[in-house]
Amino acid sequence: MRTIKISSGVVFLFAITIVITSFVKGDDDKKKKEKEDPSTIYSMGEVKAFSPDSIPYGTYVALTKETMNRKENLITMKSVTIDQKGETKEYNYVMDINDPKFVIRDVDGNYSGVGKLHGKAWEWTSWSYDIYFTNPVGRMEAYNYVSLVGLVVNKGFYGPDGKLVVKYKERHKFITKEQFEILYLQVLKCSTK
């Protein structure tokens with residue numbers, strides 16, 4: 001019986017050592033990636049839309065490519081969504097960083113806004129922003145934060161009268177460049193059918 005307890009203890013310590021050393025290696029990989037400039041992050045997520053009183057409107061899947069250029073204090077983002085009907089929409093926008101603040105605008109001139117970053121420069125843990133739309137006219141209020149499971153986004157779109165029109169809840173997980181490219185090609189195929 002004592003041999004079993006000792007063996008269990010050794011196995012437990014061995015498992016803990018593996019977990020701890022894997023985090024140390026991950027930190028080394030993270031530091032190496034942080035030195036790359038510009039660097040790119042890829043993610044895939046689910047976007048759920050709700051009425052102001054939480055009645056579901058629908059669910060979308062989003063693929064996002066985010067390129068961070070520290071030298072130019074610029075983040076460019078490409079995001080494509082696909083809805084339950086298979087319809088796709090692409091969004092391209094730029095964030096001009098003046099830490100802890102930023103200005104955001106889409107490349108088509110449909111919206112612009114301002115926001116605030118929280119945390120150490122280029123390692124932010126959360127950010128909040130207000131975006132003002134010209135078509136449709138309104139304002140988006142949002143709060144994003146990085147959690148253990150990925151990026152969490154909570155947004156609300158307010159009409160010209162200031163009343164909440166749509167709420168969004170988003171959950172995004174980080175994926176590899178290869179996964180992004182494969183999924184992006186599949187989304188493009190869906191949009192041409």
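Leu183 is found in helix α2, which spans residues 177-192. In this predicted model, Leu183 has a relative accessibility of 30% and therefore counts as partly exposed. Together with Met44 and Val61, Leu183 forms a nonpolar patch on the surface. The accessible area of these residues together is about 200 Å².

Read from the N terminus, the order of elements is α-β-β-β-β-β-β-β-β-β-β-α. The protein has an accessible surface of about 12900 Å², and 59% of that surface belongs to carbon and sulfur atoms.

The interior comes next. Of the 193 residues in the protein, 32% are buried. The largest nonpolar core contains 21 residues, and Ile75, Ile97 and Phe102 are those with the most contacts inside it. At least two residues of this core come from each of the strands β3 (74-83), β4 (88-98), β5 (101-106), β6 (111-118), β7 (126-134), β8 (137-147) and β9 (150-158). The greatest contribution is that of β7, which gives four residues.

When its neighbours within four places in sequence are left aside, Ile97 is in contact with Asn73, Leu74, Ile75, Phe102, Leu117, Trp122 and Trp124.

Among the contacts in the protein with a separation of 6 or more, 31% are between residues 24 or more positions apart.

Terms used: Residues numbered from 1 in each chain as written. Predicted model: local features only at pLDDT ≥ 70, side-chain atom pairs only at ≥ 80, totals over all residues. Heavy atoms only, no water. Patch = residues over 30% accessible without salt bridge, like charges linked within 9 Å, V, L, I, M, F, W, Y side chains within 5 Å. Areas by Shrake-Rupley, 256 points an atom, 1.4 Å probe, with all protein chains shown as cover. Salt bridge = Lys/Arg side-chain N within 4 Å of Asp/Glu carboxyl O. Buried < 20%, exposed > 50% of the residue type's maximum accessible area, 1.4 Å probe, protein only. Core = buried A, V, L, I, M, F, W, Y, C linked by side-chain atoms within 4.5 Å. Contact = heavy atoms within 4.5 Å.
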